[in-house]
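Please read them with the coordinates open.

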Amino acid sequence: MHIFNALGAAAVKGLIPAASITASAYGADLDVTAYDGLGLLVLDVSDPVAGTNPTIDVTLASGDAASPTTVAYTFAQVTADGGVATLPVDFAKLGKYVRGHAVIGGTSSPQYLVSLTLIAFEKYQ
């Protein structure tokens with residue numbers, strides 16, 4: 001199968017929906033048992049909107065129970081310069097559930113616009 005044909009079959013899941021983040025937060029749980037092989041995490045973070053010395057750390061937590069907190073993948077910390085970053089994901093190394101986690105640091109009400117998306121392929125039936 002050509003890669004462009006395969007991309008049309010990809011599932012795109014929002015782990016942290018695009019939003020203005022002013023406090024640390026977890027995204028919703030996602031059951032990933034239907035996915036196989038490798039996937040791709042896509043992090044999109046703006047330059048800081050507000051705050052003094054703002055930082056944001058984004059991770060993917062994974063576990064076999066709902067509301068996992070064990071860190072499976074970690075993006076490099078974002079400070080003054082936002083942008084788009086990607087990480088490959090191996091579903092064989094994940095538990096049943098995953099969720100995104102964003103941790104905001106800094107003073108004077110730090111704020112970023114952020115989204116975390118998972119691109120995955122379903123297992124063959």
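1. Helices (H or I, at least four residues) and strands (E, at least two) are DSSP runs, numbered from the N terminus. On that basis the protein chain has 1 helix and 8 strands, in the order α-β-β-β-β-β-β-β-β from the N terminus. Its radius of gyration (taken over C-alpha atoms) is 15 Å, close to the 14 Å that the globule rule (2.2 Å times the number of residues to the power 0.38) gives for 125 residues, so the chain is as compact as a globular protein of that length.

2. This is a predicted model, in which local features need pLDDT of at least 70 and side-chain atom pairs count only at pLDDT 80 or more, while totals for chains, interfaces and linings use all residues. Residues are numbered from 1 along each chain as its sequence is written, and side-chain values use heavy atoms, with hydrogens and water left out.

3. Overall dimensions and surface. The C-alpha atoms fill a box of roughly 50 × 35 × 20 Å, taken along the principal axes. The chain exposes about 6,800 Å², of which carbon and sulfur atoms supply 55%; accessible areas come from the Shrake-Rupley method with a 1.4 Å probe, and for residues only the protein chains shown count as cover. Of the 125 residues, 38% count as buried. Buried means under 20% relative accessible area, exposed over 50%, and partly exposed in between (1.4 Å probe, protein chains only).

4. Contact order. Contact means heavy atoms within 4.5 Å. Among contacts between residues at least 6 apart in sequence, 84% join residues at least 24 apart.

5. Strand 4 (residues 38–45) and its partners. Two strands pair if DSSP finds at least two bridges between them. Strand 4 pairs in the antiparallel sense with strand 7 (residues 83–90) over 8 bridges, and with strand 8 (residues 97–120), also antiparallel, over 6 bridges. Val42 has Thr86 of strand 7 as its bridge partner, and Leu40 has Ile119 of strand 8. The covered face of strand 4 carries Gly39, Leu41, Leu43 and Val45, whereas Leu38, Leu40, Val42 and Asp44 make up the uncovered one.

6. Nonpolar core. In soluble globular proteins, nonpolar side chains tend to be buried together. A nonpolar core is here a set of buried Ala, Val, Leu, Ile, Met, Phe, Trp, Tyr and Cys residues joined through side-chain atoms within 4.5 Å. The largest one has 28 residues, and those touching the most other members are Leu15, Leu41, Ile56, Val58, Phe91, Leu116 and Leu118. Strand 1 (11–21), strand 4, strand 5, strand 7 and strand 8 each give two or more residues to this core, with strand 8 giving the most, 8 residues.

7. Ser62. Which backbone atom does the side chain of Ser62 reach? The side chain of Ser62 reaches the backbone nitrogen of Gly95 at 2.7 Å, inside the limit for a polar contact (a pair of N or O atoms within 3.5 Å; within protein, one must be able to donate a hydrogen and the other to accept it, and residues adjacent in sequence count only if both atoms are side-chain atoms). Ser62 belongs to strand 5 (residues 50–63) and is buried, with a relative accessible area of 9%. Beyond four places in sequence, Ser62 is in contact with Pro68, Thr70, Ala72, Leu94, Gly95, Tyr97 and Val98.

8. Thr70. Thr70 is in strand 6 (residues 70–74) and counts as exposed because its relative accessibility is 53%. Not counting residues up to four places away in sequence, Thr70 touches Leu60, Ala61 and Ser62.

9. Positive phi values. Two residues are worth checking against the backbone. Ser67 has a positive phi of about 60° although it is not a glycine; Ser67 is found in the loop between strand 5 and strand 6 and is partly exposed at 42% relative accessibility. Ser108, also not a glycine, has a positive phi of about 55°. Ser108 lies in strand 8 and is exposed, with a relative accessible area of 53%.

10. Ala10. Ala10 is found in the loop between helix 1 (3–7) and strand 1. Ala10 touches Ile119, Ala120 and Phe121, not counting residues up to four places away in sequence. Ala10 and Leu30 are 20 residues apart in sequence and 16 Å apart in space, C-alpha to C-alpha.
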